[in-house]
2 protein chains.
Amino acid sequence: MKTLKMTIRYDGSEFKGWQRQSQECSVQGTIEQTLKALLKEEIAIHGAGRTDAGVHSLNGQTASFQLNTNIGADQLKYALNRALPASIHIGEILEVPDTFHARYSAVGKTYQYIIDQSPEANPLRAKYVHHLDKPLDIEAIEEAMSYFVGTHDFQTFMASGSKIENTVRTIHSFELKRQGDEFVFTISGDGFLYNMIRIIMGTLIQVGYHKTMPNQIEAIIRSRCREKARHTAPANGLYLMKVHY
Amino acid sequence: MKTLKMTIRYDGSEFKGWQRQSQECSVQGTIEQTLKALLKEEIAIHGAGRTDAGVHSLNGQTASFQLNTNIGADQLKYALNRALPASIHIGEILEVPDTFHARYSAVGKTYQYIIDQSPEANPLRAKYVHHLDKPLDIEAIEEAMSYFVGTHDFQTFMASGSKIENTVRTIHSFELKRQGDEFVFTISGDGFLYNMIRIIMGTLIQVGYHKTMPNQIEAIIRSRCREKARHTAPANGLYLMKVHY
């Protein structure tokens, strides 16, 4: 038996999220079924992040699994990519020590969020960006972003119903780049709570529309109260870019 | 009553093509239903090109229609874009003379076709490019492209079953630009037969893989025989870019 690690790209708009579900089409379920069809072996894969419906992965999602079949990593990658739907692509497969687990071995993750400020929506980008035609105050957003960097208790920014006990996380960097009319936010941290990035983005959009002042962010974080950050930006603008080990 | 002209962008992967059909979801049908819901008036819209399922429009598709309701063009555009699904966006609406007809007044069209030569497929582009990982001989393709420009009988490149009698068309220009791993073909002409661009692209791919020699293209065109060009490239790489009036 050997342990393998693979990176996966997918179009989140085609799936009900990463996690295997009984009836719904998931990324994990699709890959597991394809592995079973190819290798005649029941294989459970463990993903580093359980991305929601609509959230994309661009080389980001990483999964580990154990295999009895004797097949080379390159050969398995080739066979998987031929058998998988076009909405999923395996980037690389590597043999790793048996102690490796995609989720528990991860030390950090990088996500991107794209806001499209084109005056006219582009229907071909509808599933891949969050379109807002009304201009945002980008300077205010950049000021607000700085308050998120560092180690904080992010309970304010966790979807209600989540049962995680330790809600302290460290955000290592949070950057914004403009590409034409698209604003690409890149956030790296040691981990993110459920919906945390989408709630942070929802809050930043409120800042960009002057519903919240940048200097209120510190107090909103400190409040540890979900009601202070009620806006969750839609999933379609979010990309898992990299899992760090 | 006034006559209006509008340009439409859409994500072709979300529709069974432009043309209204009884049960299937079409771009034309979706816009007509939305107009009816907004204006309480039965309106038939006439598109310049009947794009197939999967074919996209980027500002390209143009439609004309007649309206009794007294509403400004800008106001109608705003209301339509609010009511339409994100997969369709109205670019502009203009009042035009009553003699204008999007299809019969058109004097030419420009399409693009995108081939992605990335070694690894990008699942987020799967519905928007034709991915071929095996490298094409681009020089041979460029040589072959030159034979298509000009006025020819393009019967070889018309989908069988089509009943058009005059199969002579003029291609004004046919250009290729590289953008990273993507090869963007831009073709302009006075009109195109059913599936003509997809069959031309299918033939060029054969040239790129040395199954057909560039200098055979003249004879293939002259043959007026569909069997000489049996390959039809998939719809997902094709974009209607502009209708010329």
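## Crossing helices in a two-chain model

The axes of helix 3 (residues 138–146) of chain A and helix 4 (residues 196–208) of chain A come within 8 Å and cross at roughly 140 degrees. This is a predicted model; local features need pLDDT of at least 70, side-chain atom pairs count only at pLDDT 80 or more, and totals for chains, interfaces and linings use all residues. Residues are numbered from 1 along each chain as its sequence is written, while chains are lettered from A and ligands numbered from 1 in the order in which they are written.

Some terms come first. Helices (H or I, at least four residues) and strands (E, at least two) are DSSP runs, numbered from the N terminus. Axes are lines fitted to C-alpha atoms, for helices over the stretch in contact, and angles run from 0 to 180 degrees between N-to-C directions. Two packed helices are described by the angle between their axes and the distance between the axes.

Helix 3 of chain A and helix 4 of chain A are therefore oblique to each other. Angles under 35 degrees count as roughly parallel, over 145 as roughly antiparallel, 65 to 115 as roughly perpendicular and the rest as oblique. The crossing of these two helices of chain A is right-handed. A crossing is left-handed if the near helix is turned anticlockwise from the far one by less than a right angle, and right-handed if clockwise.

Which residues make the contact? Helix 3 of chain A brings A:Ala140, A:Ile141, A:Ala144 and A:Met145, and helix 4 of chain A brings A:Leu204, A:Val207 and A:Gly208. Two residues are in contact if their C-beta atoms, placed from the backbone, lie within 7 Å. By class, this contact has six nonpolar, one polar and no charged residues. Ala, Val, Leu, Ile, Met, Phe, Trp, Tyr, Cys and Pro count as nonpolar, Asp, Glu, Lys and Arg as charged, and the others, Gly among them, as polar.

In chain B, helix 3 (residues 138–146) and helix 4 (residues 196–208) cross at roughly 135 degrees. That makes helix 3 of chain B oblique to helix 4 of chain B. Their crossing is right-handed. B:Ile138 is among the contact residues of helix 3 of chain B. The contact has seven nonpolar, one polar and no charged residues.

Helix 1 of chain A passes helix 2 of chain A in a right-handed crossing. A:Thr34, A:Ala37 and A:Leu38 of helix 1 meet A:Ala79, A:Leu80 and A:Ala83 of helix 2. Five of the contact residues are nonpolar, one is polar and none is charged.

| Helix pair | Axes come within | Crossing angle |
|---|---|---|
| Helix 3 and helix 4 of chain A | 8 Å | roughly 140 degrees |
| Helix 3 and helix 4 of chain B | 8 Å | roughly 135 degrees |
| Helix 1 and helix 2 of chain A | 10 Å | roughly 115 degrees |

**The two chains together**

Chain B can be laid on chain A with an RMSD of 0.0 Å by a turn of 180 degrees and a shift of 0.0 Å along the axis. That is the relation of a two-fold axis. Copies are superposed by least squares on the C-alpha atoms of residues with pLDDT of at least 70 in both.

The contact takes 17 residues from chain B and 17 residues from chain A. Strand 4 of chain B gives the most to the side of chain B that touches chain A, with three residues.

**Confidence**

The complex gets an ipTM of 0.80 and a pTM of 0.88 from the predictor.
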